[in-house]
Amino acid sequence: MPSETEKPLGPGTLAVHAGQSPDPTTGAVMTPIYQTSTYVQTAPGVHSGNEYARVTNPTRTALEGNIAALEGAAHGICFASGVAATDAIVKCLRPGDHVVASNDLYGGTYRLIREVFGPFGIQSSFVDMSDPENVEQAITQATKLLWIETPTNPLLRVVDIVRLSEMAHVHDITVAVDNTFATPILQQPLALGADLVVHSTTKYIGGHSDVIGGVVCTSDEEWDEKLRFLVKSAGAVPGPMDCFLTLRGIKTLHLRMQRHCENAREVVAYLEDNPRVACVYYPGLERSAGYDIARRQMSDFGGMVSFLLTDDRIESAMKVLSGTKLFLLAESLGGVESLINHPASMTHASIPRDERIAAGLEDGLIRLSVGVEDAEDLIADLDRILSSL
Ligand SMILES: *Cc1c(COP(=O)(O)O)cnc(C)c1O
């Protein structure tokens, strides 16, 4: 890493350099893929800091240092997937403890909290967190964890991290923010008062749809200790090749986010103007409820856009979903390529329909992950199918 300067390094510099230094044995500029399960000891119990690769691996350590620096955290703890990172946090709760989570969130988080941890006695409430009043009402004596996702998935509502963190801390509740949609380039939850930041690094951080991973960042020493204990004891760790790929992806995170944001803005302008589109969900729309909060807590509005057609027959939505050529119909988001998704049957199918509808997630909702291609090509792709309706 370049020598320390008075001024903190910018996010682009951190994305390229943080956590890494040329390999001391060979001078390799890129952190090697330390494809090893164990490390030699010079005498029993005397080692160079790595003992066994479930506990630590230098490629993983470099990745952890990099993401932690981007989030302004003291610690980063990597996991084999985003849900493994979430799992580790929820596992720190005890039977009878209560979680308050967003009702518009990653479907797998809902499934994990409800279906995996419910039977172990973890209680949960899912509320619309864009209104802090709902959160205040959901908090009980047993509440130990507030699980925020913002912008929310797939309705792109904005949740006020500062306000909810203050509220939670009065009750001694830990605040975790799933920052997958915003990335640390656009939003830094720890600086806004959160205790834990979670990412599915599978998405924007890796950025190339070629690897699964997750991370928790924190500056809380106790949480760092608890999570590292779980890394060692439960073992949901990413392999060195996956860490290498993620680290390579991160080096262009700041560049990609800029382009994702620009392209999304153009796609939104096109959709807003299209009579076949009834409603666009995007945090950067001035009329959207969370616009002022988004302006305060994010540096830009991200690459995710959802919309509803004027013609609300499900067949019309299906035609759009199956008809685009550049927007590939697939789960996931945040890669360089644009994706189109039907939350009701794909990413959010694990949420019961009545709960989905109550949360505002309609059957016809279409979600776009706007990639880094040329905006005019993406718009032409959407226009071809929309004008055929
Ligand atoms: C994908 C995703 C997850 C889960 O991450 P995996 O890496 O797929 O396990 C969690 N939160 C959000 C917001 C996601 O998009």
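Is Glu 64 buried or exposed? At 9% relative accessibility, Glu 64 counts as buried, where buried means under 20% relative accessible area, exposed means over 50%, and partly exposed covers the values in between (1.4 Å probe, protein chains only). The structure is a predicted model, in which local features need pLDDT of at least 70 and side-chain atom pairs count only at pLDDT 80 or more, while totals for chains, interfaces and linings use all residues. Residues are numbered from 1 along each chain as its sequence is written, and side-chain values use heavy atoms, with hydrogens and water left out.

## Salt bridges

A salt bridge is taken here as a side-chain nitrogen of Lys or Arg within 4 Å of a carboxyl oxygen of Asp or Glu, and by this rule the count comes to 13.

| Pair | N to O distance |
|---|---|
| Glu 64 and Arg 228 | 3.5 Å |
| Asp 97 and Lys 144 | 3.4 Å |
| Arg 296 and Asp 160 | 3.7 Å |

The side chains of Glu 64 and Arg 228 meet in a salt bridge of 3.5 Å. Because Glu 64 lies in helix 2 (residues 58-71) and Arg 228 in helix 8 (residues 221-234), the pair ties together parts that are 164 residues apart in sequence; helices here are DSSP runs of H or I with at least four residues, strands are runs of E with at least two, and both are numbered from the N terminus. Arg 228 is partly exposed, with a relative accessible area of 33%.

The salt bridge between Asp 97 and Lys 144 has its closest N and O atoms 3.4 Å apart. This pair links distant parts of the chain, with Asp 97 in the loop between helix 3 (82-91) and strand 2 (98-102) and Lys 144 in strand 4 (residues 143-149), 47 residues apart. Asp 97 is buried, with a relative accessible area of 12%, whereas Lys 144 counts as partly exposed at 36%.

Arg 296 and Asp 160 meet through their side chains at 3.7 Å, N to O. Since Arg 296 lies in helix 11 (residues 291-297) and Asp 160 in the loop between strand 4 and helix 6 (161-170), the pair ties together parts that are 136 residues apart in sequence. Arg 296 counts as exposed at 60% relative accessibility, while Asp 160 counts as buried at 14%. Salt bridges that share partners also join Glu 64, Asp 224 and Arg 228 into one network.

## The loop between strand 4 and helix 6

Most residues other than glycine have a negative phi, and most peptide bonds are trans. The peptide bond from Thr 150 to Pro 151 is cis, with omega near -5°, and Pro 151 is found in the loop between strand 4 and helix 6. A cis peptide bond also joins Asn 153 and Pro 154, with omega about 10°, and Pro 154 is found in that loop as well. Leu 156, located in the loop between strand 4 and helix 6, has a positive phi near 55° and counts as buried at 6% relative accessibility.

A positive phi, near 65°, is also found at Asp 172, whose place is in the loop between helix 6 and strand 5 (174-178). Asp 172 counts as exposed, at 68% relative accessibility.

In helix 12 (residues 314-323), Ser 316, Ala 317, Val 320, Leu 321 and Gly 323 are buried. The buried residues of this helix pack against strand 9 (304-309), strand 10 (328-329), strand 11 (339-341), strand 12 (366-369) and helix 14. Ser 388, in the segment after helix 14, has its C-alpha atom separated by 9.9 Å from that of Gly 323, 65 residues apart along the chain. Ser 388 counts as partly exposed, at 37% relative accessibility.

Arg 356 is placed in helix 13 (residues 353-358) and is buried, with a relative accessible area of 7%. Leaving aside its neighbours within four places in sequence, Arg 356 is in contact with Ala 344, His 348, Ile 351, Leu 361 and Asp 363, where contact means heavy atoms within 4.5 Å.
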